[in-house]
Amino acid sequence: MFSYKEEFKKSFVTRMERKGMEKTAELAYETLWEMTQEWIQKRWNRTNQLYRDNNEKKLYYFSIEFLIGRVLGQNLINLNFYDTVKEGLDELGLQLSEIEELETEPGLGNGGLGRLAACFVDSLASLGLPGHGYGLRYKGGLFTQHFVNGYQTEQPTQWIQQEHNVDIRREELAVDISYYGEIQVVMGLDGLKVNVENPEWVKAIPYDMPVVGANGGTVNTLRLWQAEVSDRPFPGREDYAVYEHETAKITDRLYPDDSLEAGKILRLKQQYFLCSASLQTILNNRSFSIEALPENAAIQINDTHPALAIPELMRLLIDDHALSWDQAWDITTRTISYTNHTILEEAMGKWDSRLIQSLLPRIYLIIEEIDRRFKKSLQQQELDEEALHKLSIIENGTIKMAVLAVVGSYKVNGVAKLHTEILKKREMKELNEQFPNKFHNKTNGITHRRWLLKANHELSGLITEAIGPRWIKEPERLSELHYFAQNHSFLQDFQAIKSLKKEHLIHHLQRNQNVVVDPDSIFDIHIKRFHGYKRQLMNILHIQMLYDRIKRDPTYRPYPRTFFFGGKAAPSYHFAKQVIKMINTVASKVNSDPLARKHLHVVFVENYNVTQAEYLIPAADVSEQISTASKEASGTGNMKLMMNGALTIGTFDGANVEIFEEVGQENAFVFGMRAEQVMQYEKEKSYNPKEIIDSDSEIAQLMEELIKGEWTDGKNNVDFIVGQLMEDSDPYFVLKDFRSYSKAHEQILKAYAHPEKWAEMCVKNIAASGIFSSDRTIQQYSNDVWHLTKIPSIY
Ligand code: 73E
């Protein structure tokens, strides 16, 4: 056990010397990596032993994304070794932060949904709960983003290395997955049996990654499946090169382009691969009777991507375990629960029936039967056409995965209060009426161990100095910081740390992107996936307006602000890519104007990912959470920024609503339409952006400049941007909310003019952020949905 610095140093040096090479950072990384793995392995073995001895109920979190970020530093934090190692290395003339930089971040996710899964597995282990993640081991994670002439380009990211990988191959646990084949109904001993003849086989190999909980007490597992060729013979396997190539594609990358049929098939293959491999492993390695599955396992499906778990579990129970339909349905619907993350139509998970029928013929039959029985159960009720439409799983050749997920699970949750209400009252109203006790809310959370302890070690230290260390275990105790919100010296220390974190970010950006940022400016940060509803366009339009004012009005000389953007657009999302281009165009215009540059600076952080977020979030003064009300299910960046003492400028959307409730609207900058207003406009189709342009000359001028092409690049770019804002009756209501957004920004400037008052507001935000720890979310899931028992900690 290396809990003491001297011991650590001794062992570290011995290992380095044994390697007999120069004392490079790379070698130090390797050495530290090995040592950490050894510390973890012991704890991992002990946890697994406890699980075997205790036979407690387990949770399996199925997710197509796990955006875990770098692991070395986080593992040291969770093991409580970070400070010891850092000081030890310091004394040996090495910098831990530099060593950490050598790790390539596994980009196994794309945004909040994937990061949430990562925060959840961290919280499960930290609370000592038996809960494991199941996902896919994509060879290339999400693409690396570069800007070429202001446009996003995408390069494949390779995170898996030859050595020092974060996971362990478990050959002995491999299972086979089958696709295609022909259905045959045969007479078995207990009646009719469905067989699939001549399927194609693919082998699923699990790679296990340790998930180290707080204090290293519990180490759970994140199991990621990799597709490889199967040893089973089947017709078609003879063309081995093709087979090998097609197989490797299954776990080659996250979200393959699905604009063509081949891409759609690939995504479907991935989703089934995850579900089938994970379920087979759970059923193969159980120590209980199959009938007792719901008492021994809970499966949470993260959105509809793993919703095939429902028919797949039915298939395994009926075809492989010889249960009746009713028995299998009873077990399935007491084992699986579903989280919905979005109400956006395009993300609601729909499949062409023919695709499923051809790729997964047995699964298709089961879905059909689920749909048939569900529709039959509705026959006694007098339901109108609209209701029947909303309640059908299969309709007009389409399979609606969200409906399947609701029907086949015992609990369904939304991810923030407002989102859950919208699901219950509108999007899934009919389903909620059929299953009144199924729907519940679990407001998202974030792990404070990464987003505060790791990302902002300095602020964590200050908090501990003020209120003691108990908040680390019980983050709701951050509320004790309220006593310090008016304490002059505490506020000064807070300000000093904010400046320090700004310096860290500046240094990072200078190194990576060669930009120089004014440390005394307001850091206004807008970081998230690029999407119309997230309204990066509103932000950049506002910057355009500020520029105009500075140029037009010699008395308008606002306090310097740096506007940071970070985020990726889906490769086939053309509009979002046009917005990226526009931001880069505006940035070069504003940044190269000597007058404007004194007041405004626009920085687009290339290739936003977890690592970059860890630099940006602690440095933020202002957190942009400006989605069109009703569209952002929750948001979690909002919570991370609040916890680091940034003030939110935001709409009443997603978890912003709860953030405002906790911290008080006077400690945030709230603006824009409410969800009901947006929905009213949508219903009446009555939004007319031209009315706004006609009644607001400043907005009219902005639009005119846009049309003239002053802020965009080429006609294509203009048409897209202007078209969205005006001609298409913008579904995201940018111009509608624009004026109140700009007023909220004026309030920010006023507030920032009083540094101590500003700092007080920041501290109040940190104090109110404890409830947004994912420990709270996970405890609620456990109490209300999974019913897990805490494993006693040994460390
Ligand atoms: O509001 C966020 C939410 O905080 C939501 O947009 C995001 O999930 C977060 C965690 O709950 C989300 N991502 C997706 N849907 N909702 C999604 C859908 C399809 C593919 C990839 C991601």
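A salt bridge is taken here as a side-chain nitrogen of Lys or Arg within 4 Å of a carboxyl oxygen of Asp or Glu. The structure in these views is a predicted model.

**View 1. The salt bridge between R449 and D775.** R449 pairs with D775, and their closest N and O atoms are 2.7 Å apart, which means that the pair falls within the 4 Å limit for a salt bridge. Because R449 lies in helix α18 (residues 448–454) and D775 in helix α34 (residues 774–786), the pair ties together parts that are 326 residues apart in sequence. Both partners count as buried, R449 with a relative accessibility of 3% and D775 with one of 7%. In general terms, side chains of opposite charge can pair when their charged atoms come close.

**View 2. The salt bridge between R334 and E295.** In this view the side chains of R334 and E295 form a salt bridge, with an N to O distance of 3.0 Å. R334 belongs to helix α11 (residues 325–335) and E295 to helix α9 (residues 293–296), and the pair, 39 residues apart, links distant parts of the chain. Here R334 is partly exposed at 34% relative accessibility, and E295 is also partly exposed, with a relative accessible area of 45%.

View 3. R477 is joined to E474 by a salt bridge whose closest N and O atoms are 3.2 Å apart. R477 counts as partly exposed at 23% relative accessibility, as does E474 at 36%. Elsewhere, salt bridges link R549, R552, D696, E698, R739 and E746 in a network. Over the whole structure, the search finds 59 salt bridges.

View 4. The ligand has 18 residues around it, of which H341, N444, E632, S634 and G635 come nearest. An N or O atom in the side chain of H341 lies 2.6 Å from an oxygen atom of the ligand, while the backbone contributes through G635, where a polar atom is 2.8 Å from a ligand oxygen, and through A633, where a backbone N or O atom is 3.3 Å from an oxygen atom of the ligand. On its own the ligand has 480 Å² of accessible area, and the protein covers 90% of this.

**View 5. E312 in helix α10.** E312 sits in helix α10, which spans residues 309–320, and is buried, with a relative accessible area of 0%. The C-alpha atoms of E312 and I363 are 6.5 Å apart in space, although the two residues are 51 residues apart in sequence.

View 6. Most residues other than glycine have a negative phi. N514 is exposed, with a relative accessible area of 65%.

Terms used: Residues numbered from 1 in each chain as written. Predicted model: local features only at pLDDT ≥ 70, side-chain atom pairs only at ≥ 80, totals over all residues. Heavy atoms only, no water. Helix = DSSP H or I, 4+ residues; strand = E, 2+ residues; numbered from the N terminus. Buried < 20%, exposed > 50% of the residue type's maximum accessible area, 1.4 Å probe, protein only. Near = heavy atom within 4 Å. Polar contact = N/O pair within 3.5 Å; in protein donor to acceptor, adjacent residues only side chain to side chain. Areas by Shrake-Rupley, 256 points an atom, 1.4 Å probe, with all protein chains shown as cover.
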